Amino acid sequence: MCFLLVNFFLPLLWTTAFIKFGNCTALDSKRSPTPHTFRFQNPQQCLRNEFYNLNYFDCSPCNEAGDGGINELQPTVDKFACQCPVGHVSIFEKIKRWPICEEICSNATKPSENCTSTWPSQLPGWQCTYQYLNTTAASQHGMGIVLTKSNPASNNSDCQSCNTAYNFRFQDYCIANSLMRPYLHYNAFWQVTNNPKPNSNSRLHFGDLKFVAFFCLALRNDSACQQLANLCVLSHYSMEKHSPCSAFLLTQMSDVVMKYAHSGEQPRALEPFMFYKKGKSTKELLTTTLHPSNQSELEIFSTNYELTGRLKRWGLFKLDQLNLCPGQKAPHLHLGKSQQEINCQLSLEQLIDVASQEANDNFISLYLNFSSNWQFLLHQLPVLIETLTPENKRSQEEEWQLVKRFQLISAHPRDYRHSQTYARYEDNHKLQLYRSLHYVEHVQLEYSIRAGNLIGLPLLRLRYRHIELTGNATLSQLYPFRLKVHFERLEQGVAAQLVLELALPLLLLIASIAALLRLQNLRRRRQTELCQSSNLLEWLLQLAGNVAVALLATALLLLALQVINPRQLAALVYPACLLQLIYLAVHLRRASQLELFLIDWERPRSSCEGQRVNLDSTSLCSSVRTYVAESSVSAWRVLFTANAWIRLSAAQRYSSLIQAAVVVAAHRLLEHFNQSPAEFAYSCCLIATVYLGTYLLQLLLGRLLQSNPLQKFIDLCSLANISLFSLLEPGFGYYIHGRSPHGFADTDMSSMILQLQREAQNMCGRRGLLMDSDKQAYIILPPRNLRIYLERLLLPFQRSRNGSLSQTLLYQKDLQVSSIDGPVERTSIAYASVNRFFCAFIDHAIKDMDYIIKEKTLVEKLFNCEIENYLTENKGTFYIDDSLSFSRVLLLGNHVDIFVLEILVLLSMYLLTSSLLFAVAVACALNMILRHIFRLWVRRNVSRKTLIDERFLL
């Protein structure tokens, strides 16, 4: 490697390939004010005395002033550096970028010429083995480092010897010990690095680090600085004090890192640029917006360097350069279009082959081509290596450590010559080549699209995996690789601003007002003060449910207008999902624990004069004593009604499985007819629209084609001659009047059919609570004393609750037991008393406790409240309930809340995983779990409140 005369045999090879790219850019060679933005200039436009600066992509003069005469610096053949003319020595000073050229006097030199006889005559380069670097004080410019082709320790023109006692030998250079002393500390990093032996053919060799640092930091050699940067990447951006990155960290980081400074190093802006500053500048960088040079495609420019610092190639970047999956085509960089990601499993053998091809010799930097003020510029793309620091895995952008150069794979070679196990012609020989591999397993290029044809600065995310090739490693081991292009639209159009600034606050205001109205109505029902803690908690619960609906409505509106991005959608959907889950869980739990009473109107149609003790006695007369106060009540009608209530509680108006199947089918059709993947916002809009449309269609078809299950349950109560009295609050509940107009229900089938025929012909009474009405469902506000009197009647049951038996035991008459004492007797008496009490209350037979029946006004129906209730201590109000509002304590009446939760979960899971199948599976599973848990709650509550053993409940 020759740092000062690099690539003489490749003059302008890569520059001619990109004349078109250079012609499309501005000709102004003035550098940009920041180290991230550059004005690209074609190398062919450089003048005779200019060199091409690869760090800024522009032409710069080798001399600050002068015309390129014989005593001035001249560009090299490849124009990437400046050098002194032939017959001159180079003197390097710390304060200057380029060396000073001093001409050596010869016999042919005229006395008037500006030359010096201090330096011995120079032999041609092809006759010399070494070039000599030493300190000098003989120059008219003072102290410095001189580069000559003759040994300063010899009076003759010796260029073949280098005394290692006083010098370091590095390639064809003989460097004085005094010059290398400030850079010997880099040996500490070389010694702790598990590097191969010096005589191995490995490209991973940090033993030359001190020489590379010397040529870069002392001689300002561009190729050496490029190699130092590559060694920094190869060390995985080591933050050690003696690492190759120390000089870059010192001059390019925003933090105070003077611990990286050493004697001999100057705190100057070292090039090339490797690090971005952390903190506020990082956040500002990632929010930068640019005008793309091409409105239909991202144009990215890339540079590839060899480990030695030589430019390998530059030109238009394609994602195929980062694709490790064989046989899969990388996505294009079409602007604003979703691309199919690449996902594959690579065998260890494939990774070893890639590592052998790369040979630690390919280091990449990317630049975005954009336009500004009618000029085409390059902006270096930040690279976020997630495995570099723990902060890079967090969401706080200001803590990220961004870099500017990377490599796809690095390998740590193994010196297997002394421990060779497999022959070279065997496949397993590849396992002996490397000790470890370090490859990129996840590549994601992400950017944002803003309003006004602007894009956010793209960010390249990389995640690496380290593989140790131990003794049990096999070539067939599989490792993942993923390549993805992700974008999101952040433009805020007029429609989005109207929705977020007008519609959303309005919906939240309506949600708050609705919660306040609900709180006021609840306070009326509970007859409590407004500022009680229970009322405030109830207001927060109602507000949570209303806000969730408002956020969902806003998200659906933005999706319909296609003016939302995934970040905004997540900000709306995630909180709404959590709020709706909390609201629905508390509401359903409370609804399942309501006070429930089954009022049996059945009366015996015959009696027994005496007690009979034979076992074949009828069910009407038995020697077994019953504690139901002379009434013979059939247990099977109670069991039948209770099980029907449990089944009704878990029924739903729609099927989540049908909705999931339709959504998946619609999404598959979209993918089939659309060649390129749909945008994320469009996919979310399709999913939400189809899910909502399927839900509404199921409700419509269910209303048209199916009978009302609530009305069927009311009819069943009439057939069973059992009414249902329930209290959701102490002063609020529902009543289903199931009293049979025929007076009895225990009959055979023929009698029942005859009864139904008589009822159809209006030959009997009507089913309603009023004599001339068929209204059987009521919203009740019972008298305030009812709850107190009811608790007195249930007091014996509460005392014997732990030892109580099934209610069915109360009606058994075939057991030869004279009496049942203790808890069962007290429970039987309590429930018989409760049944008689409710029968008397419904029949207006209690003097000090009565009620009136009325219809709700339009306002009361609209706001679901009770304004004129005439509620007193001894008088209540029964509101005729044509809408069958008792469904609100069942899943049938909460289908809207359940659907809201399902669609929120569906969108949330799709946002998290981008997998529709997983999202619909979670939504369906949630619905099934919800039904199962609610049914279990209702079943236990029915068993506890009606004293029916759970073994008799379905």
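A residue counts as buried when its relative accessible area is under 20%, and the legends below apply that cut-off to a predicted model.

Figure 1. Proline 292 belongs to strand β12, which spans residues 289–292. With a relative accessible area of 4%, proline 292 is therefore buried. Apart from neighbours within four places in sequence, its contacts are Leu335, Asn369, Phe370, Ser371, Asn453 and Ile455. Phenylalanine 370 is 78 residues away along the chain from proline 292, yet the C-alpha atoms of the two are separated by 4.4 Å.

**Figure 2. The chain as a whole.** The predicted model contains 21 helices and 29 strands, and 52% of its 954 residues count as buried. Among contacts with a separation of 6 or more, 69% are between residues 24 or more positions apart.

Figure 3. In soluble globular proteins, nonpolar side chains tend to be buried together. The largest nonpolar core of this chain has 106 residues, and those with the most contacts inside it are Leu133, Ile175, Phe214, Tyr237, Phe275 and Phe406. A second, separate core has 92 residues, including Leu558, Leu588, Leu596 and Ile687. Seen from isoleucine 175, and setting aside residues up to four places away in sequence, the residues touched are Leu133, Tyr166, Asn167, Phe168, Phe170, Met180, Phe211, Phe214 and Phe215.

**Figure 4. Helix α11 against helix α20.** Helix α11 (residues 566–592) and helix α20 (residues 895–913) have axes that come within 9 Å and cross at roughly 140°, and the two helices are therefore oblique to each other. Their crossing is left-handed. On the α11 side the contact is formed by Pro566, Leu569, Ala570, Val573, Tyr574, Ala576, Cys577, Gln580, Leu581, Tyr583 and Leu584, while α20 contributes Asp897, Ile898, Val900, Leu901, Leu904, Val905, Leu907, Ser908, Leu911 and Leu912. By class, the residues of this contact of α11 with α20 are 18 nonpolar, 2 polar and 1 charged.

**Figure 5. Helix α10 against helix α11.** Helix α11 also packs with helix α10 (residues 533–561), the axes coming within 8 Å and crossing at roughly 140°, and this crossing of α10 and α11 is left-handed. From α10 the contact takes in Glu538, Leu541, Gln542, Ala544, Gly545, Val547, Ala548, Leu551, Thr554, Ala555, Leu558 and Leu559, and from α11 it takes in Leu569, Leu572, Val573, Pro575, Ala576, Leu579, Gln580, Ile582, Tyr583, Val586 and Arg590. The contact of α10 with α11 divides into 17 nonpolar, 4 polar and 2 charged residues.

**Figure 6. Helix α13 against helix α21.** Ser656, Leu657, Ala660, Val663, Val664, His667 and Arg668 of α13 meet Leu916, Leu917, Val920, Cys924 and Asn927 of α21. The contact of α13 with α21 has 8 nonpolar, 3 polar and 1 charged residues.

**Figure 7. Phenylalanine 680 and serine 914.** Phenylalanine 680 is part of helix α14, which covers residues 680–705. Its contacts, not counting residues up to four places away in sequence, are Ser338, Pro566, Tyr910, Leu911 and Ser914. The C-alpha atoms of phenylalanine 680 and asparagine 565 are separated by 8.1 Å, although these residues are 115 apart along the chain. Serine 914, one of the residues touched by phenylalanine 680, lies in the loop between α20 and α21 and is partly exposed, with a relative accessible area of 45%. Although it is not a glycine, serine 914 has a positive phi of about 60°.

Figure 8. Most residues other than glycine have a negative phi, and most peptide bonds are trans. Glutamine 171, which is not a glycine, has a positive phi of about 55°. Glutamine 171 sits in the loop between β10 (167–170) and β11 (173–176), and at 38% relative accessibility it counts as partly exposed. The peptide bond from glutamate 271 to proline 272 is cis, with omega near 5°, and proline 272 is found in the loop between α6 (246–252) and α7 (280–286).

Definitions and conventions: Residues are numbered from 1 along each chain as its sequence is written. This is a predicted model: local features need pLDDT of at least 70, side-chain atom pairs count only at pLDDT 80 or more; totals for chains, interfaces and linings use all residues. Side-chain values use heavy atoms; hydrogens and water are left out. Axes are lines fitted to C-alpha atoms, for helices over the stretch in contact, and angles run from 0 to 180 degrees between N-to-C directions. Helices (H or I, at least four residues) and strands (E, at least two) are DSSP runs, numbered from the N terminus. Angles under 35 degrees count as roughly parallel, over 145 as roughly antiparallel, 65 to 115 as roughly perpendicular and the rest as oblique. A crossing is left-handed if the near helix is turned anticlockwise from the far one by less than a right angle, and right-handed if clockwise. Contact means heavy atoms within 4.5 Å. Ala, Val, Leu, Ile, Met, Phe, Trp, Tyr, Cys and Pro count as nonpolar, Asp, Glu, Lys and Arg as charged, and the others, Gly among them, as polar. A nonpolar core is a set of buried Ala, Val, Leu, Ile, Met, Phe, Trp, Tyr and Cys residues joined through side-chain atoms within 4.5 Å. Buried means under 20% relative accessible area, exposed over 50%, partly exposed in between (1.4 Å probe, protein chains only).
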